[in-house]
Amino acid sequence: MRFSQSFIPTVREVPADATIASHILMIRAALIRQLVAGVYSYLPMGYKSLRKVEQIVREEMDKAGGIELHMPVLVPVDLFRKTNRVEAFGNILFKFKDQHNAELSLGPTHEEIITSLVADHINSYKQLPINLYQIQTKFRDEERPKSGVLRTREFVMKDAYSFHTSLEDLDKTYQKMYQAYHRIFKRCGVPVVAVEAESGPIGGSASHEFMVLTDIGEDQVVSCDHCDYAANVERATRKVADGTAGRLESEVVLKEVHTPHKSTIEDVSEFLKCKPPQVIKTLVYRTSDEQVVVALVRGDHEVNEAKLRRMGGVSSLELADDGTITKLTGAAVGFAGPIGIKPDKMFIDFDVPAITDGVTGANKTDHHFVGVVPGRDFTIEPEMLGDIRNVVEGDPCPHCGAKLKFQRAIEVGHVFKLGTKYSSALHAQYLDAGGKNQDMIMGCYGIGVNRILAAAIETHHDENGIIWPISIAPYQVTVIGLGRTPEDEVSKTAERLAAELESAGIDVLFDDRDQRPGVKFKDADLLGVPIRVTVGQKTLAEGKVELKLRRDGEMQLIDVDGAVETIKTLVGKLMAELE
């Protein structure tokens, strides 16, 4: 491709609304342009890279037994109602009515559509297992799209769905997908860490996220340096000791004290001259079936609602409104405590029983109890105790006991064991060998294709621009001629070399513009083309051309007569490093 005949409107200035490297460089290097908030056009350079990522994903999915199809963007909202996901998705659904007054959504994901499709066409155990996938545009009405293509309202996802007759069979496909994902990210040149994860609104029994560690990431990964434990912050656990072991029987006296207008942990701690770990934080929740659930954690900890949902056996949970709290406690918000209240369920974090001489709300406005001893002043049954808080840095690793650490990360892929959540709701059943109807067991496997591009740039760039992994670079080689006229020997040699490289199957960007050498070199660095070949008058007179690697700046002179074979070999070597 001739630079002069392509569409590569590079930008020298840093865009005002871009704050992270991938967003800045994707605009400056003419990969994307924003249409409206969270919606981007992919220019030729960006689209070539996107298609290369898609092809790697497609190849690895096919090798792992996936069968490609293509599902609609338009989804009847009633399908989401059947699986109780309209509420779970909330405001991210793009909903509207067609001219026949039917309510539709732009697809945020396709579990319901694929399950409905399979339910219509598969009815025997002999037709299972099957793993179907697509590479498709998704739509989510993000409230605050940001960070370029990392959080958008329109994006490309590879989503796969597998259907099985047993959990053992699901495990086999899950492992195939898990390994395929590692191969995909390696081939794309994106370093990932696989971590235990929450399933979120997708649902399911088990899942892993594939994370790229970077300071600009929106997610947090909890990991251990002494073993292979890693999880996202929603899923992470810690080793729990018996908090009451060796505890001396406290002689403190329970007492109610006046705490006027002191309803926060910070205000109460300062007023009573105690520390937040002494405070028992009482949070009140409501479930979708109107049950009232109370959660107790230490004052310096935060409730993990995903863990609380699992422990309570409920699919949805939200903080109670002021009226519910007042009805339960008889007090204003901020003065709830576990003593004397009767919620439908109460769950207590493992760290709470270790508190002695504690502080908690007195269920009376402007009052707290001091001298609280859990187990003495309120009941703790074994079934109430569990891990319901977020881990904090320094907590003991659940595997080896070493200290946990936190790192920021970008999620680029997610695999789930769904079980029968969708097949049961949408009647996707099969006849087993005994002639009985059984719900299909499902798995779900997603990759953010756009995010791979951004993650690759975040992990491969310098002050001059992008440093593409060669497998997903829009062009593998750029040939720059420094001739004075299009007809001189330097220009003709550069054009011939570019044409021969293209004939050899290499993606080549031939910079034939009438520009100064410095401009061409700066653009080559900005665009991140892995191999730069420069044909100049002095080197050509010696029968040489200059070859430079973008990733390390290594430069060498190679014979012009054997340049095509030398470059072809180098491209193969760089590709092989990613296999």
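Okay, let's start with strand 15, residues 292-298, and its partner strand 17, residues 345-349: the two run parallel and are joined by four bridges. This is a predicted model, so please keep that in mind throughout.

Strand 14, residues 280-287, pairs with strand 15 in the antiparallel sense, over seven bridges. Here the pair to click on is lysine 281, which faces valine 297 in strand 15. Strands 14 and 15 form a hairpin with four residues between the strands, and in that hairpin glutamate 290 has a positive phi near 70 degrees.

The order is 13-19-18, and the pairing is antiparallel. Strand 13, at 255-258, and strand 18, at 358-361, are the edge strands, each pairing on one side only. From one strand to the next, the twist averages 30 degrees. Zooming in on strand 13 and strand 19, residues 367-372, you'll find four bridges joining them in antiparallel fashion. Valine 257 has histidine 368 in strand 19 as its bridge partner.

Last stop, helix 13, residues 517-527. Its buried residues are Val519, Lys520, Asp523, Ala524, Asp525, Leu526 and Leu527.

Why does lysine 520 count as buried? Because its relative accessibility is 3%, and the cut-off for buried is under 20%. And which residues does lysine 520 touch, leaving out those up to four places away in sequence? They are Ile480, Gly481, Asp511, Asp512, Arg513 and Gln515. For a sense of distance, take glutamate 542: 22 residues separate it from lysine 520 along the chain, and their C-alpha atoms are 23 Å apart.

To recap: strand 15 pairs antiparallel with strand 14 and parallel with strand 17, the three-stranded sheet runs 13-19-18, and lysine 520 is buried at 3% relative accessibility. That's me done, thanks.

Key:
Residues numbered from 1 in each chain as written. Predicted model: local features only at pLDDT ≥ 70, side-chain atom pairs only at ≥ 80, totals over all residues. Heavy atoms only, no water. Pairing = 2+ DSSP bridges. Buried < 20%, exposed > 50% of the residue type's maximum accessible area, 1.4 Å probe, protein only. Contact = heavy atoms within 4.5 Å. Axes fitted to C-alpha atoms, helices over the stretch in contact; angles between N-to-C directions.
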